[in-house]
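Reader: I've got a structure to look through with you. Can we take it question by question?

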Amino acid sequence: MSLQTTTRPPAQRQARAVRLGPRSVAALALVSAVGVAGFGWPFLAPPTSRLSAHAQDAPWLFAGVLVLLVAVVAAAISESGLGPKAVAMLGVLAATGAALRPIGAGTAGIEPMFFLMVLSGRVLGPGFGFVLGSVTMFASALLTGGVGPWLPFQMLAMGWFAMGAGLLPGPDRLRGRGELAMLAGYGFLAAFAYGTVMNMAGWPFMSALASNVAFDPHAPVAANLARFVAYCLATSLGWDLGRAVVTVVLTLTLGPAVLRALRRATRRAAFETPVTFDAAEK
């Protein structure tokens, strides 16, 4: 038997995003739904519910979300959407992102890993982007000692961040300055969105007696929304702005080289090249 692969000349091949099958998409939708509930329960539940009990349930939410995230990865690999080559690229990009995260940690939101998540999600697709964002956050938490109840929220938020880049229009046609401008604009807005979503993970556990911007389980949704906006402006606006500016600057300066490298590696890996077996001539 001889192994043959169907290929096209390099000039005719394009970098193709890693595609996930129906089970992977279903697992991704499930974990996203759980994530929305985990982040947004202060605005989804009525004021009369016993929301204070959620603090005691945080470890269970932590374990449950992690199980769902593992299910996404397992389903993706089992359907060959993430074959050996894609898994290898996932490991390299996750390790790079985890190594970039400590750079500037604690200094005005200087977090260079975000621009890499944007570019990787753009080239390799939304499914790969979600897995990459989640795995990168998990690896960086192990590297920096940041493991705690907040970790699944960070994994989900970063997964959504990278997945959104893969959903941007024109993945096969848009190139050059137009693509860079779109990615920079997305990175700027998504950096603020990431900070806002992560604020929702910790804001409900502030004591209402400690501050007039803390979550009040007895207040109506509109009042809590006003408190949350004030909380974001008072605590994280500067940090989120720093993250957004760094993401834009790195995307515009390093983006062309990184995009070329990712697309070249994706073409050479040929994730979706069909493999055929022919009988060898005697």
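Reader: Is Phe114 buried or exposed, and what is its relative accessible area?

Author: This is a predicted model, where local features need pLDDT of at least 70, side-chain atom pairs count only at pLDDT 80 or more, and totals for chains, interfaces and linings use all residues. Residues are numbered from 1 along each chain as its sequence is written, and side-chain values use heavy atoms, with hydrogens and water left out. Buried means under 20% relative accessible area, exposed over 50% and partly exposed in between, with a 1.4 Å probe and protein chains only. By that rule Phe114 is buried, at a relative accessible area of 0%.

Reader: How do the rings of Phe114 and Tyr194 sit, stacked or edge-to-face?

Author: Rings of Phe, Tyr and Trp (its six-membered ring) pair if their centres lie within 6.5 Å; planes under 30 degrees apart count as stacked, over 60 as edge-to-face and the rest as tilted. The protein's count is 5 aromatic pairs. For Phe114 and Tyr194 the centres are 5.1 Å apart and the planes stand at 75 degrees, so this pair is edge-to-face.

Reader: And how many residues apart in sequence are the parts this pair ties together?

Author: Helices (H or I, at least four residues) are DSSP runs, numbered from the N terminus. Phe114 belongs to helix α4 (residues 113-124) and Tyr194 to helix α7 (residues 177-202), so the parts tied together are 80 residues apart.

Reader: Which aromatic cluster does Tyr194 belong to?

Author: Tyr194 counts as buried too, at 7% relative accessibility. Its cluster is made up of Phe114, Phe161, Tyr186 and Tyr194.

Methods:
Helix = DSSP H or I, 4+ residues; strand = E, 2+ residues; numbered from the N terminus.
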